[in-house]
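Please look over the sequence and structure before reading on.

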Amino acid sequence: MDFSVLGPVTVIAGPPAAPIELPLGPAKRRSVLAMLLLRPNATVSVEQLITSLWEDEPPAHARTVIQGHVSRLRAALAEGGAEDHGVELATHSSAYLLRIPESLIDTQRFDQLTAQASPESAPGEAVRLLRQALGLWRGPALTGTVASPPFAAAAHALEERRLSAVEALARAHKALGEHEEAVRALHPAAVANPLREGLIAALMLALYRSGRQSDAIAWFHRTRQLLDDDLGVDPGQRLSAAYQEILRAAPEADGPQGGAESAGAPGPSGQPVTSAPSHQQSVAAAASAAAPVPELLPRPPAGFHGRGAELAELTRLTQGSAEPAQGGAAGGSGGYPQEGGIALLTGPAGVGKTGLAVHWGHAQAAAFPDGRLFADLRGFSGGEATVPAEVLREFLLALGTPAEQIPTSTEAASALYRSLAARRRLLVVLDNAGSSAQVRPLLPGGPHCATLVTSRSRLDGLIATDTARPVRLHALGTEDGAALLGALLGPARVAEDPEAARELVALCDGLPLALRAASAQLMARPRWRLARLATALRDERRRLALLSAEDTGVAAALRNSVARLSADDAQLLRALGTGFAREVNTAEAAALSGADPELIQDSLERLAEMHLLDEEATNRYVMSDLVKLFAQGDRSGRGEGSGGASGEPSPGA
């Protein structure tokens, strides 16, 4: 098990090849766990928890609420096998104690790694330790907890420790003469903390030592202006001293971005400094020089129609950030463009996520001259999900890495992949993702790369930790749906009975997968008019069967979604499918299922996260007709019925 607070508060269980994120519920429940993780193996009183969970006056039943959250946390931990890992959530009078091996908590591992690092005396080992420590961070600490002063203070303290580790990493790179690497470590932190003078001073000196004196001076003047505008103060001693050191030192000719010292140029002290590339950098450089241009996208979907707004949004999100910062590489804020964009394309099964991503990738081929990578992660395929190590191997081979030079560990393979992608213009399509943890090792990270992730789940964690920008894909409207039928069947056949075409779109819920399955039925029966199929689809007992074509169809796609649910959530879905016509709120859902309203609220949120329900307004959930029909007929407990397809629909879906 792995307990994380350096980013979203999460608990990961299961084998490393197929990690599972435990459902922790709403913010207050996550906050209870977070407070216990911040004080492992020590008692936390109920009064401390109440103070932390309610910024204003707590409710009269606050103790009861906390007891309920603790009870449900115990259940979630037990389901994840906590006892096998020596984890126990115990009650001690009016306090709680989380007994846990500290190696399971990311904050404890972070502190241990940073304490072992000696940037000045053992810089090479320090770089390894500090990179490993900083790699534990997945976004702002304690994401997902309540916004109260105790949690804000705890998050600030953790962020201070992270920034100290960044500065220590830069010192280690400096000791090795790797000044450009020091810039890369410091730059993101400096952008996020523009008034932290020590950090800016370190970045200025690293920029200067890598042969970028103008960038270093630009950082000083920008920071001086910010200090004056925001605080009304002059630069402090460290910032001023760094500026004076740059001005006093002998001018250095601007060299390549690898750093002047790497070519034997004198450093600020006047002594020549050399640094040899690492083995991983050598492998990346060799592979980059001889690499082919990979073209792994599936063929474009036939008959693709519409989605103009979504296509334009994908272009804006993924390519808008690929332009260099104003002033070019030698000016502006340190000379670095923003990181490549990550677009997260989500929506229900069969809505056309894969088709849209593949169509966009082919249409934008000219923007990615270094290649296009594609992987089906099989997150909703009814079987084992694809493990990141397998995808990384395929990507590295496609990028020209010899098989014998591909690292065996996922972490090392991911680092080599990022190195290869760093200076390329690549498109990476990660299709059918099951979780944020599955996606993160596969993100290229290069400033000119674009990444499209498709998933039936919202993947909130990827948004929180990697700034993925969500694009929600909805069902097709009547006109676009009819146009898709025309593209598949021929416009003449649809024009014979446009009213029947519109009815078919409605009976298919506007889902491209369902419309393609209906078109397959009609293409196999050229004498059928559209009205005949519409009449057959009106029979709700036959509709899902008719909207299937050999190894694909709506029922199969929904079955794979439901298979990801817990038994309780699947049972609620069946109850909702049977018990309400179109929409429901929490109280009505609790009455239908006979369960606790707070538990039902959590279940409704999970069903909405999987796009099996749609929260059209606060506490107002809507179920589509096809999901309702599937829920009424599903008696498997977790959707493991017989027959049907496995996997996200084909790219045309």
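## Helix α26 and its surroundings

In helix α26 (residues 586-593), the residues T586, A589 and A590 are buried, where buried means under 20% relative accessible area, exposed over 50% and partly exposed in between (1.4 Å probe, protein chains only). Viewed down the axis of α26, its buried residues fall within an arc of 100°, so they line one face of the helix; the arc is that of the directions from the helix axis to the C-beta atoms. On the face of α26 turned away from its buried side are the exposed residues A587 and A591. The cover over the buried residues of α26 includes α25 (567-579), β14 (583-584) and α27 (597-609), with contact meaning heavy atoms within 4.5 Å. Just after α26, G594 has a positive phi of about 70°.

## Basis and overall content

This is a predicted model, in which local features need pLDDT of at least 70 and side-chain atom pairs count only at pLDDT 80 or more, while totals for chains, interfaces and linings use all residues. Residues are numbered from 1 along each chain as its sequence is written, and side-chain values use heavy atoms, with hydrogens and water left out.

The chain has 28 helices and 16 strands. Helices (H or I, at least four residues) and strands (E, at least two) are DSSP runs, numbered from the N terminus. Of the 653 residues in the chain, 49% are buried. Among contacts in the chain with a separation of 6 or more, 70% are between residues 24 or more positions apart.

## Helix pairs

Two packed helices are described by the angle between their axes and the distance between the axes. Axes are lines fitted to C-alpha atoms, for helices over the stretch in contact, and angles run from 0 to 180 degrees between N-to-C directions.

| Helix pair | Axis distance | Angle |
|---|---|---|
| α8 (residues 197-209) and α9 (residues 213-231) | within 7 Å | roughly 160° |
| α18 (residues 478-489) and α21 (residues 512-524) | within 10 Å | roughly 40° |
| α20 (residues 498-507) and α22 (residues 530-537) | 9 Å | about 30° |

The angle makes α8 roughly antiparallel to α9. Angles under 35 degrees count as roughly parallel, over 145 as roughly antiparallel, 65 to 115 as roughly perpendicular and the rest as oblique. α8 passes α9 in a left-handed crossing, that is, the near helix is turned anticlockwise from the far one by less than a right angle, clockwise being right-handed. From α8, E197, I200, L203, M204, L207 and Y208 meet Q213, D215, A216, W219, F220, T223 and L227 of α9. This contact of α8 with α9 comprises 9 nonpolar, 2 polar and 2 charged residues; Ala, Val, Leu, Ile, Met, Phe, Trp, Tyr, Cys and Pro count as nonpolar, Asp, Glu, Lys and Arg as charged, and the others, Gly among them, as polar.

By its angle, α18 is oblique to α21, and their crossing is right-handed. G481, L484, L485, L488 and L489 of α18 meet P512, L515, R516, S519, L522 and M523 of α21. The contact of α18 with α21 has 8 nonpolar, 2 polar and 1 charged residues.

Helices α20 and α22 are roughly parallel to each other and cross in a left-handed sense. A500, A501, E503, L504 and L507 in α20 meet L530, A531, L533, A534 and L537 in α22. The contact of α20 with α22 divides into 9 nonpolar, no polar and 1 charged residues.

## F304

F304 lies in the loop between α11 (279-290) and α12 (308-319). With 22% relative accessibility, F304 counts as partly exposed. Apart from neighbours within four places in sequence, F304 contacts L311, G355, L356, H359 and R516. The C-alpha atoms of F304 and G352 are 9.6 Å apart, with the two residues 48 residues apart along the chain.
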